[in-house]
Amino acid sequence: AFNAQKKGTINGKGVLNNRISEHIFTMLDAIGVPNHFIRRLNMREQLIRQVEIVPIEVVVRNIAAGSLSKRLGIEEGTKLPRTIIEYYYKDDALGDPMISDEHIAAFGWASQEEMHDISDLAIRVNDFLSGLFAGIGIKLVDFKLEFGRLFDNDFGRIILADEISPDGCRLWDTETNERLDKDRFRRDLGGEVEAYQEVARRLGLLPEGGDHSVLDLDSHRKRRGK
Ligand code: 5GP
């Protein structure tokens, strides 16, 4: 977390992210969002198309949280008047600084045409995922996307890359606003695996009943004395 400034090991998180990301990328493919996913190979690996990654993190926000709340003093949970797209330059050493279209054009990180495709795809992904998560009692607060160029001869076409999982999304329970994402780790809330399992379970990726279906974040918090 925080560009590798905070580190920890969470057993089973990679397996859950692999399943969740497979599910989401497969559905995005079905609605015509081109992406790098080919197939999941096993619990921890997937086969993907090789792309030249665009060095920009694309953040889509529906509700104020995280760095936007901090930077602009807007209370977390405030519904934004419209969806906001932000760009960050992918550079861990610099702490992924926020950038504008002007920087992207001036430094040639992506062409105007590519930026048009990227923002268009980001909005389509947001519309689709907001509906998908709303249907399972989850608010899609914000998320991060990455894109790459898929080369066909000399022509590079923009496709969605990276992963979509609770690591790069803020997912809040609709009823309780319970965090079901990486903020549990970032903010020392505990119950990371339970939260990721709950997302997977609601997406229909884990069997109902049995150990995996139990989300008991309240009792988890009590056990930790919080
Ligand atoms: P914020 O700018 O508020 O910290 O993050 C906005 C959204 O983008 C959050 O959903 C967060 O998870 C995601 N995000 C931003 N930067 C990164 C990153 O470097 N890695 C991951 N996994 N997610 C990120």
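This is a predicted model: local features need pLDDT of at least 70, side-chain atom pairs count only at pLDDT 80 or more; totals for chains, interfaces and linings use all residues.
**Notebook: hairpin, core and ligand site**

I started with the strands: E1 (residues 37-40) and E2 (residues 46-48) pair in the antiparallel sense over 3 bridges. Here strands are DSSP runs of E, at least two residues, and helices are runs of H or I, at least four, numbered from the N terminus; pairing needs at least two DSSP bridges between two strands. E1 and E2 form a hairpin with 5 residues between them, and I found Gln46 of E2 as the bridge partner of Arg40.

Residues are numbered from 1 along each chain as its sequence is written, and side-chain values use heavy atoms, with hydrogens and water left out.

Next I asked which residues Glu22 is in contact with beyond its neighbours within four places in sequence. They are Phe37, Arg40 and Gln46, taking contact as heavy atoms within 4.5 Å. Glu22 lies in helix H1 (residues 13-30), and its C-alpha atom is separated by 8.2 Å from that of Gln46, 24 residues apart along the chain. Is Glu22 buried or exposed? Glu22 counts as buried because its relative accessibility is 17%; the cut-offs are under 20% for buried, over 50% for exposed and partly exposed in between, with a 1.4 Å probe and protein chains only.

Of its 46 residues, Ile56, Val125, Phe133, Leu145, Leu160 and Ile164 touch the most other members. The largest share, 7 residues, comes from H4.

Gly204 follows H6 and has a positive phi, near 85°.

I count 17 residues around it, the closest being Arg61, Ser67, Asp142, Arg170 and Arg186; a residue qualifies with a heavy atom within 4 Å. A polar side-chain atom of Arg186 sits 2.9 Å from a ligand oxygen, and an N or O atom in the Glu57 side chain is 3.4 Å from a ligand nitrogen. Taken alone the ligand exposes 500 Å², and the protein buries 80% of that (Shrake-Rupley areas, 1.4 Å probe).

Key: A nonpolar core is a set of buried Ala, Val, Leu, Ile, Met, Phe, Trp, Tyr and Cys residues joined through side-chain atoms within 4.5 Å. A polar contact is a pair of N or O atoms within 3.5 Å; within protein, one must be able to donate a hydrogen and the other to accept it, and residues adjacent in sequence count only if both atoms are side-chain atoms.
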